[in-house]
Amino acid sequence: MSQDLVLTIIARDRPGLIKSLSEVIAEHGGNWVDSSMARLAGEFAGIVLVSMPTVEIAKLEAALGALSKDGIDVTMRRASAAAAPPTGRRIYIELAGADHTGIISEISSEIARLGASIEELTTRVFPGSMSGTAMFEAQVDVILPDGLDADEVRERLEDIADDLMVEIEVEPA
C-alpha cells in the first residue's frame with residue numbers, strides 16, 4: 001500500500017539540493033509525483049508530492065531529518081485522501097503595477113469574499129524598464145464556486161484595482 005506525502009523544502013541555494021533530496025526519496029522507494037520549486041532571495045524553497053510505500057514512511061522521515069545537517073530543512077505531511085480537489089470553472093488573473101504593501105492581501109481577500117479558491121499564485125517584483133521603480137506582477141489561477149460568474153469577479157477586482165494602482169485582467173483559464 002502507498003501513501004501520498006507532501007514535503008516542503010527550504011535551504012540556502014546551492015548546486016546539488018535536488019539531487020540530495022531526490023536520492024533520499026528514491027532510496028526509500030518513493031516516487032516524485034509533482035513539485036513546484038524556486039529560488040527566492042538566496043534560498044531555495046519548494047513543495048513536492050511524493051508517493052511512498054507506507055512501510056517506508058518512518059525511514060524516509062528519519063532520512064529527510066538527517067538532511068538538516070547539510071542545511072536542508074524538510075517537513076512532511078501525509079496527504080489527505082478525503083480532500084477532493086476543488087471543482088468549478090477556472091479563471092486566470094494577471095495584475096501589474098507599482099510595487100507596494102498590501103496588493104496580494106487585498107486581492108486574495110476579495111477572492112475569498114467571493115467564495116473562490118486560489119489554485120496557484122505566482123508573483124515577482126522587478127525594476128521598471130524606464131524608471132527603475134519597483135514593479136509588481138502576479139498571475140493567479142482561481143477556481144470559481146458554482147453560481148459565481150467570471151464577469152462578477154472581474155467587476156469586483158476592477159473596483160479595487162484603482163485603489164491598489166494596478167492593472168487587472170481576468171480571463172477564462
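This is a predicted model: local features need pLDDT of at least 70, side-chain atom pairs count only at pLDDT 80 or more; totals for chains, interfaces and linings use all residues.

Student: How does one find where empty space is left?

Tutor: Rolling a probe the size of a water molecule over the atoms shows where empty space is left. Here, the largest pocket holds about 340 Å³ of space.

Student: Which residues line the largest pocket?

Tutor: The lining consists of Val-6, Asp-34, Ser-35, Ser-36, Ile-47, Val-48, Leu-49, Glu-119 and Glu-120. Strand 2 (31-40), strand 3 (43-53) and strand 6 (117-127) are the elements that each give two or more residues to this lining. By class, four of the lining residues are nonpolar, two polar and three charged.

Student: How much space lies in the second largest pocket?

Tutor: The second largest pocket has about 240 Å³ of space. Among the residues that line it are Met-37, Leu-40, Gly-46 and Thr-122. Strand 2, strand 3 and strand 6 each supply at least two residues of that lining, which has six nonpolar, four polar and one charged residues.

Student: At what angle do helix 1 and helix 2 pack?

Tutor: Helix 1 (residues 17-27) and helix 2 (residues 57-66) pack at about 160°, and their axes are 9 Å apart. Angles over 145 degrees count as roughly antiparallel, so helix 1 is roughly antiparallel to helix 2. Their crossing is right-handed.

Student: Which residues make the contact?

Tutor: Helix 1 contributes Leu-21, Val-24 and Ile-25, while helix 2 contributes Leu-60, Ala-63 and Leu-64. The contact comprises six nonpolar residues, with no polar and no charged ones.

Note on methods
Residues are numbered from 1 along each chain as its sequence is written. Side-chain values use heavy atoms; hydrogens and water are left out. On a 1 Å grid over the protein atoms alone, a cavity is a set of points where a 1.4 Å probe fits but cannot get out, and a pocket is an open set with protein on both sides within 12 Å along at least five of seven lines; lining residues have an atom within 4 Å of a point. Grid points are joined across faces, edges and corners, and a volume is the space filled by probe spheres set on the points. Helices (H or I, at least four residues) and strands (E, at least two) are DSSP runs, numbered from the N terminus. Ala, Val, Leu, Ile, Met, Phe, Trp, Tyr, Cys and Pro count as nonpolar, Asp, Glu, Lys and Arg as charged, and the others, Gly among them, as polar. Axes are lines fitted to C-alpha atoms, for helices over the stretch in contact, and angles run from 0 to 180 degrees between N-to-C directions. Angles under 35 degrees count as roughly parallel, over 145 as roughly antiparallel, 65 to 115 as roughly perpendicular and the rest as oblique. A crossing is left-handed if the near helix is turned anticlockwise from the far one by less than a right angle, and right-handed if clockwise. Contact means heavy atoms within 4.5 Å.
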